[in-house]
Amino acid sequence: MKSGAAALLLCTAEIAATAIYPVHASATEAVEAEALYKDAKAPIDARVNDLLAKMTLEEKVAQTMTVWDAKAEVFDAKGEFDAVKMSAKFPYGIGQFARPSDASGPVSPRKVKGRDVRGTVRLVNALQKHAMTQTRLGIPILMHEEGLHGYAALDATSFPQAIALASSWDPGLIREINVVIGREIRARGVSLALSPVVDIARDPRWGRIEETFGEDPYLTAELGVAAVEGLQGTGRVTTLAPGKVFATLKHLTGHGQPESGTNIGPASISERVLREYFFPPFEQVVKRTGIQAVMASYNEIDGVPSHASKWLLGDVLRGEWGFKGAVVSDYYAIDELAGRHSIAKDKAEAAILALAAGVDSDLPTGAAYSTLITSVREGKVSEAAINQAVGRILAMKFRAGLFENPYADADAAVKITNNAAAKALALKAAQRSITLLKNDGMLPLSLTSKAATIAVIGPSAAVARLGGYYGQPAVTVSILDGIKAKAGKHANVVFAQGVKITEDDDWWGDEVKLADPAANRKLIAEAVETAKNADQIILTLGDTEQTSREGWAESHLGDRSSLDLVGEQQDLFDALKATGKPITVILINGRPASIGKIASEANAIIEGWYLGEQGGNALADVLFGDVNPGGKLPVTFPRNAGQLPFYYNHKPTARRGYLFDEKAPLYPFGFGMSYSTFELGAPTLSSATIAANGTVTVTVPVKNTSDRAGDETVQIYVRDKVSSVTRSVKDLKAFKRVTLAASESKNVIFTLTPETFQMWNDKMQRVVEPGEFDIMAGPDSANLKTVTLTVTP
């Protein structure tokens with residue numbers, strides 16, 4: 001290994017131990033020492049083919065399988081790796097090992113603490129040493145971990161949840177964050193991260209909306225590309241440099257608009273809608289990055305589950321988009337072809353269907369793919385099909401450099417994990433994600449020489465909520481702690497819980513039990529007494545990690561039929577409002593909420609989503625004006641669930657209106673306020689007419705009309721005025737977040753290419769149809785100024 005990869009090497013003692021680890025002659029007698037697959041200078045395809053030629057059927061199928069549920073069967077009584085048990089359980093090796101940072105498979109880290117940095121490295125190194133020296137061919141294991149908004153492990157850095165990061169509208173920030181996530185994951189010897197999620201989220205009843213970058217395909221694509229580049233490296237990188245991990249693109253596709261808003265429900269979506277809205281983020285990532293893994297989605301489309309869809313995984317992903325990497329299953333999804341979708345009678349049939357569709361790896365246990373040995377010998381599956389799947393997994397291992405050095409350096413991992421730079425980035429990320437939805441002038445709060453009393457109230461005030469797929473950072477900062485630290489001696493900060501939302505808030509817990517209403521009424525009364533002597537109220541409302549989450553089983557639900565605040569939270573607001581004290585509401589949540597009354601009565605509203613380990617400090621910075629908020633909503637805020645589905649890029653015949661209710665959203669997509677004010681001028685074009693294969697430059701003048709610096713995100717939307725099939729009333733096609741000093745003016749320039757104007761026509765061909773296009777610019781999707789562009793043949 002070259003000196004540039006020193007951070008990935010074992011410490012000196014571990015290297016020595018590895019070098020002298022005994023190799024059983026029986027394990028290697030059939031393998032030539034000079035085997036081509038061991039030659040790091042040989043082409044990867046040649047190495048893959050050489051290794052495949054040496055493998056038995058059992059060894060090949062083992063490479064499609066994973067260890068997670070069976071961890072306890074390969075650990076000793078102390079939870080450490082047991083080589084004897086591993087050999088007995090997996091004599092032919094194993095393809096992947098899931099989440100080495102957890103204690104022992106699918107259990108809440110709140111109940112069984114995960115492994116720390118050194119414990120994870122120790123396990124990874126032991127597993128790899130066994131695989132490299134105690135299996136016949138010495139094939140290393142591909143380790144994978146979750147990294148949605150930080151490495152989901154003990155002591156790793158926790159960043160804001162994905163939907164919060166999307167509120168930053170800042171691809172550069174997303175790239176920077178994922179550099180840190182990848183670095184912390186790789187430092188523990190793991191080469192594959194199961195992120196990012198680029199599902200288009202079109203139903204906020206769906207509990208997984210928090211894991212997404214929102215409802216828009218263009219914004220999601222740009223942030224998805226940035227996330228993959230952060231993890232793997234910029235450009236079409238297909239081999240891992242030190243400190244990098246392969247990304248996994250999730251979940252192909254239609255997952256984000258399930259029937260009734262319930263997780264894994266059928267995606268009743270036409271091919272045209274798939275191609276216009278759901279495919280673009282996946283296609284952009286595949287074509288613009290070196291993505292090496294794609295995860296299929298749980299749902300069905302037109303009666304065919306994604307894990308059995310030759311059209312989706314073969315014709316589209318591998319054919320049209322040219323994807324060359326591995327398709328991995330979502331957890332237990334191949335099993336569910338039989339157990340839930342009922343298109344196979346058992347796991348053996350399910351495995352045949354998934355393999356034929358192009359799924360290469362069975363996560364997280366390999367229960368279905370373990371049957372492939374028998375299926376090959378019975379003539380139901382060709383060994384060539386096995387070779388194709390295994391070849392893709394082996395290629396990823398070669399590209400990761402695992403055959404040369406699969407080990408990690410515990411000292412180096414400790415040094416870079418959640419270090420000062422990572423903590424500073426977590427704070428910056430939270431600051432740039434915070435979105436101001438209302439402000440009547442109450443914010444920012446002032447700290448004067450006269451000490452004010454600030455009542456911090458609410459179920460998320462004294463706890464740092466991290467959201468689903470959370471890590472376990474060493475230190476988290478609650479909103480209460482952040483305000484106390486910021487206010488110092490300048491304010492008297494008092495606290496009351498106000499209400500409790502759920503009895504437990506563990507994302508992993510199956511049962512979700514609402515808090516006792518009678519107990520909450522007492523808490524509300526206590527909060528009112530606390531607020532009576534206060535000058536200001538900071539009120540936190542929203543979710544716990546249990547009221548909006550992935551519903552992965554009927555015994556573990558996470559979707560809701562309503563967007564209303566859970567429990568007695570509205571009663572709490574009403575009681576505090578009756579005190580006459582000014583109220584700032586901070587939403588800490590995983591989904592848009594129905595807050596119509598609060599929106600009209602609160603003095604200020606901040607959408608925080610889940611802001612990570614530094615969330616409390618970031619919110620205090622915004623509340624007291626040290627940071628000027630600049631976030632923008634990546635989703636539409638409906639007024640209530642009756643408006644669903646509700647997204648800004650709807651068709652012209654939608655949104656006619658309702659009896660006795662409004663048709664407009666509570667807050668539109670792209671909306672967000674600032675302590676500064678901005679004026680955006682009408683867009684101007686470099687040319688009023690372009691050819692179908694031409695480009696046009698759009699210039700938007702923007703001025704900061706206030707006396708303080710701030711950020712504005714200039715957004716460009718396009719509408720095809722007449723087309724062969726119906727189109728959206730508008731589609732986001734460009735954006736740029738800019739910082740302007742007080743009274744500063746700037747021209748923000750965008751270039752629109754032929755891709756901007758493409759559509760799927762009535763023959764399902766992707767074309768640019770000549771005609772007139774509205775080019776719209778503004779600070780959000782509702783407040784736009786328009787110029788018309790003519791596109792000629």
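Contact is defined here as heavy atoms within 4.5 Å, and helices (H or I, at least four residues) are DSSP runs numbered from the N terminus. The structure is a predicted model, in which local features need pLDDT of at least 70 and side-chain atom pairs count only at pLDDT 80 or more, while totals for chains, interfaces and linings use all residues. Residues are numbered from 1 along each chain as its sequence is written, and side-chain values use heavy atoms, with hydrogens and water left out.

In the contact between helix 3 and helix 15, Ile44, Arg47, Val48, Leu51 and Leu52 of helix 3 meet Asn387, Val390, Gly391, Leu394, Ala395, Phe398 and Arg399 of helix 15. By class, these residues comprise eight nonpolar, two polar and two charged (Ala, Val, Leu, Ile, Met, Phe, Trp, Tyr, Cys and Pro count as nonpolar, Asp, Glu, Lys and Arg as charged, and the others, Gly among them, as polar).

The largest nonpolar core has 138 residues, of which Leu51, Leu313, Leu317, Tyr369 and Leu394 touch the most other members. Such a core is a set of buried Ala, Val, Leu, Ile, Met, Phe, Trp, Tyr and Cys residues joined through side-chain atoms within 4.5 Å, where buried means under 20% relative accessible area (1.4 Å probe, protein chains only). Helix 15 (residues 383-399) supplies the largest share of this core, eight residues. Another core, of 38 residues, lies apart from it and includes Ala527, Ala531, Leu541 and Leu565.

Leu394 touches Val48, Leu51, Leu52, Met55, Gln63 and Ile139, when residues up to four places away in sequence are not counted.

Definitions and conventions: Buried means under 20% relative accessible area, exposed over 50%, partly exposed in between (1.4 Å probe, protein chains only). Helices (H or I, at least four residues) and strands (E, at least two) are DSSP runs, numbered from the N terminus.
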